[in-house]
Amino acid sequence: MKLRLGIPKGSLQDATVQLFQRAGFNMLVSSRSYFPSIDDPEVECMLIRAQEMARYVADGVLDAGLTGMDWIAEHQIGHPEEQPLVPICDLVYAKQSFGKVRWVLAVPEESRFRTPEDLRGCRIATELVRVTKHYFERRDVDVAVEFSWGATEVKPPVLADAIVEATETGSTLRANRLRIIETLMESNTQLIANQPAMADAWKRTKLENIALLLQAAIAAQGRVGLMLNVRRTDLDHIVALLPALQGPTVSSLSDPDWVAVNTIIEERTVRDLIPKLKASGGQGIVEYPLNKIVI
């Protein structure tokens, strides 16, 4: 038996492959194949555009897949008659960062539009058509929503009055002289499955194990391990300097006057922290990388 797993092709592809590699899977993608190789004989991968992932998981072509909450919502709004997809876990990463993406309503900087209601009777361009229509329908604002094939930021004001577009930092919108007036939704990647796959005990366990490893790899991002030896008389002062997930681990050494301290910290704090630890009596200080943190 194999688990059929969809990997998002496109902007999320590289970040997803790197995440699997940090989670302990050797995944390789060939430019000529839509079937990435993976060193787990129980998993069969297929590259699918994130926009279509929910459809193929829902149809049973795939057992599970990774895609954004935005595209899950876009699919489910259009297919209310289908059984809902099962979210297994949130995986907060994007193509540029480990953070969420916002779908925002943006208008030209110098335009008269200040609120969504100001766009009544206007044309909105977006890739996220169903979600956008649903948003304006809930607000009882009559607009024309049209699908955009890409380069959506260049359309206002000539080809559209406003756009709904995904952004991580807002820099591309600002570069195109667009102003955000509303956030429609926040989105992050999710591992999803269909209900038949989750009803199968073997597939459910396999997916839960994959989710555990992927989440552990994300938790380790930007963190490092730090260990050092400390005299017992200096321990309280050293511990007060150390931020940690659950407090540092303190272990006895063969010399009863000394202890070993082990902790996990944010990598960006290390350059300031190590000199302080040294000045406070820490010895044998070792920084080491982390691949996974299971919380």
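Tyr135 is buried, at 5% relative accessibility (buried means under 20% relative accessible area, exposed over 50%, partly exposed in between, with a 1.4 Å probe and protein chains only). Keep in mind that this is a predicted model, where local features need pLDDT of at least 70, side-chain atom pairs count only at pLDDT 80 or more, and totals for chains, interfaces and linings use all residues. Residues are numbered from 1 along each chain as its sequence is written, and side-chain values use heavy atoms, with hydrogens and water left out.

**Aromatic pairs**

- Phe136 is buried too, at 1% relative accessibility.
- The structure has 4 aromatic pairs (rings of Phe, Tyr and Trp, taking its six-membered ring, pair if their centres lie within 6.5 Å; planes under 30 degrees apart are stacked, over 60 edge-to-face, and the rest tilted).
- One of them joins Tyr135 and Phe136 edge-to-face, with 5.1 Å centre to centre and 85° between the planes.

**Helix 3 meets helix 4**

- Two packed helices are described by the angle between their axes and the distance between the axes.
- Here, the axes of helix 3 (residues 69-78) and helix 4 (residues 129-138) come within 8 Å and cross at roughly 70°.
- Helices (H or I, at least four residues) and strands (E, at least two) are DSSP runs, numbered from the N terminus; axes are lines fitted to C-alpha atoms, for helices over the stretch in contact, and angles run from 0 to 180 degrees between N-to-C directions.
- That makes helix 3 and helix 4 roughly perpendicular (65 to 115 degrees; under 35 is roughly parallel, over 145 roughly antiparallel, and the rest oblique).
- On the helix 3 side, Asp70, Ala73, Glu74, His75, Ile77 and Gly78 touch Val129, Arg130, Val131 and His134 of helix 4 (contact means heavy atoms within 4.5 Å).
- The residues of this contact split into 4 nonpolar, 3 polar and 3 charged (Ala, Val, Leu, Ile, Met, Phe, Trp, Tyr, Cys and Pro count as nonpolar, Asp, Glu, Lys and Arg as charged, and the others, Gly among them, as polar).

**A closer look at Thr132**

- Thr132 sits in helix 4 and is buried, at 0% relative accessibility.
- Setting aside neighbours within four places in sequence, Thr132 is in contact with Ile124, Thr126, Val145, Val164 and Leu184.
- Thr132 and Glu266 are 134 residues apart in sequence and 38 Å apart in space, C-alpha to C-alpha.

**Cysteines**

- There are 0 disulfides in the structure (a disulfide is a pair of cysteine sulfur atoms within 2.5 Å).
- For Cys45, the nearest cysteine sulfur belongs to Cys89 and is 15 Å away.
- Cys45 is buried, with a relative accessible area of 3%, and Cys122 is buried at 8% relative accessibility.
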